[in-house]
Amino acid sequence: MVFWRSFPTAGPIRATSRRLVDDETARERGVLLGFSKVIGQEMVVKALCRARQQGKINHAYLFSGPPGSGKKTLSLLFAQSLNCTGTAEPPCGKCLACRKIADGHHPDLHLVKPRGASLKIEQLREIKAQLYYFPHEGRKKICLLQDTELLTLPAANSLLKVLEEPPGEMVFILLSARPWSLPGTVLSRCIHFHLKPLAPEKMGLLLQRERPALSPGEKELIIALARGNPGKGLKMAAQGGWEEKYAEAWHLLADIGDGPAEIIWQKAEEISKREDLPALLDFFALLCRDQLFFKLGVQLERTLIKERPAFYNNDRKIFAAGPAFLERIWRAILKLQGELRQNVNKRLALEVLFLQMRGAV
Ligand SMILES: [Zn+2]
């Protein structure tokens with residue numbers, strides 16, 4: 001059962017006329033599971049439950065965190081808890097309201113996603129037209145605004161006007177990966193929850209629950225590479241093949257470090273065209289970092305290291321290097337990862353990195 005996967009982001013609004021999520025994934029989302037099954041984000045869950053129990057529901061909440069951090073799942077669970085009609089601790093996940101919200105059919109849940117590159121004022125107007133009616137079925141009308149960093153200025157001003165004089169039973173839930181780009185006037189009216197990365201042991205628990213068949217090696221790699229992002233971790237777990245990629249990255253790194261000189265140009269050309277370049281660089285960084293820690297005497301409790309000691313006790317030049325060199329390479333890889341997000345020439349950037357790996361620059 002997939003719990004943390006983010007919802008599809010494409011497509012226009014209106015949960016009233018469209019399903020929020022498709023048949024296959026709606027019930028697998030875990031929004032039917034209830035708050036008690038959420039792994040991590042304990043403080044957020046506690047605050048939301050307390051607010052509901054005390055009847056102190058604010059008119060606007062902001063959930064922030066990178067894609068895959070669980071913003072939408074938590075906000076839908078919150079929406080369920082506000083409208084749950086079951087007898088168990090809300091959200092029960094079983095009553096009609098909970099199921100309708102999970103399936104995107106609830107008439108009092110409005111989902112607004114960016115149209116094109118921004119959230120536009122027309123979309124806010126469409127929603128506002130419906131806000132001043134009483135809830136159809138639920139206790140609260142919920143307006144879930146996705147990617148709110150993409151609000152245009154007129155749309156943000158329009159939202160601000162509603163937040164200044166909110167209709168009685170209305171709750172706005174704003175989601176954003178870049179909350180700092182929201183106007184301060186909007187931010188100041190929201191109760192802000194930032195979703196922190198999950199600790200490695202929590203990621204382990206999540207993977208154990210959702211993907212019990214994962215090998216220990218795959219699990220370790222996913223925990224190391226997903227950096228506490230549950231969505232990314234589960235996506236990686238679904239793809240699989242990470243141990244093989246790890247081994248491939250090791251061989252590539254070793255060859256680039258001490259193979260014939262022409263390998264630099266050949267591999268830079270080849271790797272720059274690969275779709276999995278970000279994952280490969282993640283592995284390069286992980287290998288260098290692990291090797292650095294190993295050299296510094298830091299104990300790494302990894303099955304992969306125990307099972308494959310040859311990876312860490314070998315005569316390949318790059319892995320035999322001292323901590324200072326490894327740290328330099330590690331930092332160079334991290335720098336390159338940042339540069340690649342800014343549209344640099346991949347082949348040239350990789351050539352420079354590989355020259356550094358050989359100690360040539
Ligand atoms: Zn319920």
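Predicted model: local features only at pLDDT ≥ 70, side-chain atom pairs only at ≥ 80, totals over all residues.

Reader: Good to know. How many helices and strands are in the chain?

Author: The chain has 17 helices and five strands. Its length is 361 residues, and 39% of them count as buried.

Reader: And among contacts between residues at least 6 apart in sequence, what share joins residues at least 24 apart?

Author: That share is 76%.

Reader: Nice. Which residues have the most contacts inside the largest nonpolar core?

Author: Leu 144, Ile 173, Leu 174 and Cys 288 do, in a core of 85 residues.

Reader: What does Leu 144 touch, leaving out residues up to four places away in sequence?

Author: Its partners are Ser 75, Ala 79, Ile 173 and the run Leu 109, His 110, Leu 111 and Val 112. Ile 173 is itself one of the residues with the most contacts inside the core.

Reader: Let's switch to helices. Which residues of H8 are buried?

Author: H8 covers residues 200–210, and Met 203, Leu 206, Leu 207 and Glu 210 are buried there. Seen down the axis of H8, these buried residues fall within an arc of 95°, so they line one face of the helix.

Reader: What sits on the face turned away from that buried side?

Author: The exposed residues Glu 201 and Gln 208 are there.

Reader: And what covers the buried residues of H8?

Author: The cover includes helix H9 (216–226) and helix H10 (230–239).

Reader: Take H9, then. At what angle do the axes of H8 and H9 cross?

Author: They cross at roughly 130° and come within 10 Å. On the H8 side the contact is made by Pro 200, Met 203, Gly 204 and Leu 207, and on the H9 side by Lys 219, Ile 222, Ile 223 and Ala 226. As for handedness, H8 passes H9 in a right-handed crossing.

Reader: How about H5 and H6: what angle do they pack at?

Author: About 20°, with the axes of H5 (residues 121–131) and H6 (residues 153–164) 8 Å apart. Angles under 35 degrees count as roughly parallel, and H5 and H6 are therefore roughly parallel to each other. Here H5 passes H6 in a left-handed crossing. From H5, the residues in contact are Ile 121, Leu 124, Arg 125, Lys 128 and Leu 131, while H6 brings Pro 154, Ala 155, Ser 158, Leu 159 and Val 162.

Reader: Now H4. Which of its residues are buried, and what follows the helix?

Author: In H4 (residues 96–103), Ala 97, Cys 98, Lys 100, Ile 101 and Ala 102 are buried. Gly 104 follows H4, and its phi is positive, near 80°.

Reader: There's another glycine I'm curious about. Is Gly 34 buried or exposed?

Author: Buried: 21 other C-beta atoms lie within 10 Å of Gly 34, and 20 or more is the cut-off for buried. Gly 34 lies in the loop between helix H1 (23–26) and helix H2 (42–53). Beyond four places in sequence, Gly 34 touches Pro 91, Cys 92 and Gly 93.

Reader: Last one: where is Leu 281?

Author: Leu 281 lies in helix H13 (residues 277–295). With 19 C-beta neighbours inside 10 Å, Leu 281 counts as partly exposed.

Technical notes: Residues numbered from 1 in each chain as written. Core = buried A, V, L, I, M, F, W, Y, C linked by C-beta atoms within 7 Å. Buried ≥ 20, exposed ≤ 12 C-beta atoms within 10 Å, placed from the backbone. Contact = placed C-beta atoms within 7 Å. Helix = DSSP H or I, 4+ residues; strand = E, 2+ residues; numbered from the N terminus. Arc of directions from axis to C-beta. Axes fitted to C-alpha atoms, helices over the stretch in contact; angles between N-to-C directions. Parallel < 35°, antiparallel > 145°, perpendicular 65-115°, else oblique. Left-handed = near helix turned anticlockwise from the far one by under 90°.
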